[in-house]
Amino acid sequence: MQGHIKLYYFLLTILVLSLSGCFEVVEEMVVKRDGSGQMTVTLNLSQSKTKVASIMLLDSINGYKVPNKETIQQGLHDAVANLRKTPGISKVSQRLDFDNYIASISFSFSKVADLNVVNKLIYQKLKVKPTGESSYSYQHANHLFVRNYQYSSEAKQAYQKLKSQDKEVFKKATYTSIYRFDSPILFQRNKEAKLSGSKKAVMFRANILDLINGNKNISNQIQLVN
Amino acid sequence: MHKFSLILLSIFLAFAAAAQQVENGVPENAYAVATVNSKYFFDLISISEFNQSKIGQALLEKVGKNNNIRYQSVEDFGIDLHGQVYIYSTKTDSIVYYGMCVPLNDAKKLDTLLRGLGTPLNTQNGLRRIELEDKKQIVTWNDKILHLFSGNLQDRFFENEQVAMKYGIKNRKLSDTYDTTVTSPEPPMTDTIDSYWNKADTVAESLDSTDVVMQEDEYNDYSSDHYTDSVNQDSIYDDYYASIAADDSIKSALLNKWLNNEVNRLSITKVTFENKSFKHAVNKKALASVWIRNVDELYNDFLSTVYSAVLGTKTNKFNAGFGSANAHLVVEGNHVKLSGALEVADDQVKRYHRIYNRKMNKKFFKYINEDALAYMGYKVNTQAYLEELPNLMKQYYGSLLGGFKEEIDLGATLFSLVLDEKAIGKVVKGDGVLILNGLKKQEVKYTTYEYDDDYNSIEVEKMKKETLPDFLWMFSSDDTKLMEKLLSIGLSKHAITEESGVYTFKNKKSPFDVHILLKDGIVFIGTSFESLVAVQQGKSKNNLSAKNKAVLKKNSMVLALNASKISKAVNTLDLSDSYGSKALKERLQNLGDFYFTSKGMDGNKMVAEFSGEFPSTHKNALKYILFLIENTAFGGM
């Protein structure tokens, strides 16, 4: 339970720290032909490091408590410990750079569906109801990777309820996802996403505000060459 | 008359009164007196302008509505609009009185104005008297003066047992109720429990567990006891609240009686407040003034309960060595000046004079630019301050924490032993200036990602411009050896770099590099490397005005803000309107310089002053303030 609280504080920290200007979230995934792979999720606040450094000197900002360095480190450590206990998840590592304010977690998964368990776990730890349906799947038989996200207007409604200062934070925030495969890609369905030169990777970039407002959707179906 | 009208009228009365009178109505034992010079008020805002203003219109309408009269001007109230209003407070150990004296020029008009309050009781000498509904306020007036009285009983007085007994006050507390229950003649609770245990043991010895049945009479005893208890509990609360209500009723009657006695006392004696300290403090140019007889007395009266809550001990022995205090508000054109003075006890005067005995290093002036957004200058004698601090601590806290007097004395002695005041006084003499030169765009590195053709991410460093404060702090030092040694250690540990005689402390976590320079007995610490190199090479060009030089020279503490420059600086920030920056810019752009200054000691007084320059868009500062109030209260002119 203690660990859950710490993870909560860590994620709250991320939220609070991100209340300072632009930030980027990068989700990188390598999926092997057998459905196993690696994932790295990075939160980069480097562009706002001046403001973050100033905020770290405060006790609270905009009504949110500002955690200290030790609390953030402990939070990430607990998140790693929780991931290690998750079935199918291995080789968990973390990186926390307090000079540039970059945090990332990497891990291997035995099958793509394990990511749904990780997703569920995060929501459970955060004690929040996910807005919209989010899932990953990989069909062995026909080598189809599906990233599914069903948009819900709850995210937009929650955003609208934020104070205007807090809304500012999301205006320049970006989200990037890169899905890389062993085999060439036959096609991918998301019009906003791009196929790499080698035809083995798909990149999707969007402003987080567009995702909140439902203007863009991260869902995709990526068909590999059989 | 509606309470709101009374409040509105009181505010107005504070700015409207008869000319200088010998008889001002303030009793000799007043410990706090505020004066408002309505002549100056109506010199700054003419009566017709005030009548036309939204505040004036609201006042005329509200007062008129209560009397079914359509007032055209505040002159119709019967109040002399060219004199002095006095607001004062007197106190005894049992009650604090508040009074307001307003001179009149046409009492008949006031008779009409106040008829909504009720029928006045006419007493001798043409004095009319009305008790307001709650009997906690009394209004009296004759042909010359209107007097508003109110009072507050001192709770501490009634806590005294003999006093409470004399007036029939019970002072019951809920905890007393429980005490009564416990100390009632019934057997002590532990005995009861013990006897139950003994009884249970005896029964248990002779019965099986299945045989344990409560007898009917035992059950009845048990249930009736509990029922009675709950009834008792309700009646305990009822008794308690009834007792409180009875106490309140006695106190209200006493308040009314004493208030009436005070009104009678003052109505038969022609009172003129002629306290020497008050008369000495009078500033004839002030629009409003406040005078307090003794600040220590005020602390003891009003803060004793705060101290008792914080320190867990009741005290009325606060003795910081402060005497009378006064403050004056002066409006001259677009300038507003609020000045204050605090009298210091004779044995303390010398100490404070020693502390403030320091001259500002004139070399600082070369490095202060007139265009700076703000600066703060200070000059104290560090050595004298460190030497006097233990004595001041003894003075402040020794009297307050009587039980710890010896410990405080020991702490103060240790403090003196541990510190070498003279040596510290050489390293940091005590004079310095902190300048906010502006907000500077500065290149800042950040980390982001680029992607190759195959979308492999590559971590790259990029530069972006950020607006950061550019400040410079300088202070005098007669002995820079310690700092030189610290810088030398920093260099050897590679925590500091040196270039052109300027040391740079790079802290990855700090948004900006901090540069340090030691030159001509001054320690410079700033954010601009170029500025410090210019200082080192004697190429620093600044243009501090004679006015600002004088302000820095003659004051022990200065905080100067250049509002118009700050407004321009805010303009350069990339702030969205959601941060309220638009309103901030609008408010600031027309304002001039603001100074908060303190000369330290002036004779036996500690003095401080705030002065501000308001926009010339209005004829004088008072009109601008009225404009702001109307804008806020009535949503625009």
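**Figure 1. Chain A, its helices and strands.** Chain A has seven helices and 13 strands, where helices (H or I, at least four residues) and strands (E, at least two) are DSSP runs, numbered from the N terminus. The model is predicted: local features need pLDDT of at least 70, side-chain atom pairs count only at pLDDT 80 or more, and totals for chains, interfaces and linings use all residues. Residues are numbered from 1 along each chain as its sequence is written, chains are lettered from A and ligands numbered from 1 in the order in which they are written, and side-chain values use heavy atoms, with hydrogens and water left out. Of the 226 residues in chain A, 49% are buried; buried means under 20% relative accessible area, exposed over 50%, and partly exposed in between (1.4 Å probe, protein chains only). Among contacts (heavy atoms within 4.5 Å) in chain A between residues at least 6 apart in sequence, 64% join residues at least 24 apart.

**Figure 2. Chain B as a whole.** Chain B contains 23 helices and 20 strands. Its 637 residues include 41% that are buried. For contacts in chain B with a separation of 6 or more, residues 24 or more positions apart account for 71%.

**Figure 3. The interface of chain A and chain B.** The contact takes 33 residues from chain A and 23 residues from chain B. The size of an interface is often given as the accessible area lost when the parts come together. Here the buried area (the accessible area, with a 1.4 Å probe, that two parts lose on being put together, summed over both) is about 2300 Å², and carbon and sulfur atoms give 46% of it.

Figure 4. Between chain B and chain A the count is one salt bridge, defined as a side-chain nitrogen of Lys or Arg within 4 Å of a carboxyl oxygen of Asp or Glu. Arg95(A) forms a salt bridge with Glu459(B), and their closest N and O atoms are 3.0 Å apart. On the side of chain B that touches chain A, the elements that give two or more residues are strand S12 (431–451) and strand S13 (457–476) of chain B. The largest share of that side, seven residues, comes from S12(B).

**Figure 5. Helix H4 (residues 54–67) of chain B.** This helix has 14 residues and reaches 20 Å from its first C-alpha to its last, close to the 20 Å expected at 1.5 Å a residue; the expected span is 1.5 Å times one less than the number of residues. Gly56(B), Leu59(B), Leu60(B), Val63(B), Gly64(B) and Asn67(B) are the buried residues of H4(B). Seen down the axis of H4(B), these residues fall within an arc of 115 degrees, so they line one face of the helix. The arc is that of the directions from the helix axis to the C-beta atoms. The face turned away from the buried side of H4(B) carries exposed Glu61(B) and Lys65(B).

**Figure 6. Helix H18 (residues 481–492) of chain B.** Met483(B), Leu487(B) and Gly490(B) are buried in H18(B). Seen down the axis of H18(B), its buried residues fall within an arc of 55 degrees and therefore line one face of the helix. Among the elements that they pack against are helix H17 (421–427) and S13 of chain B.
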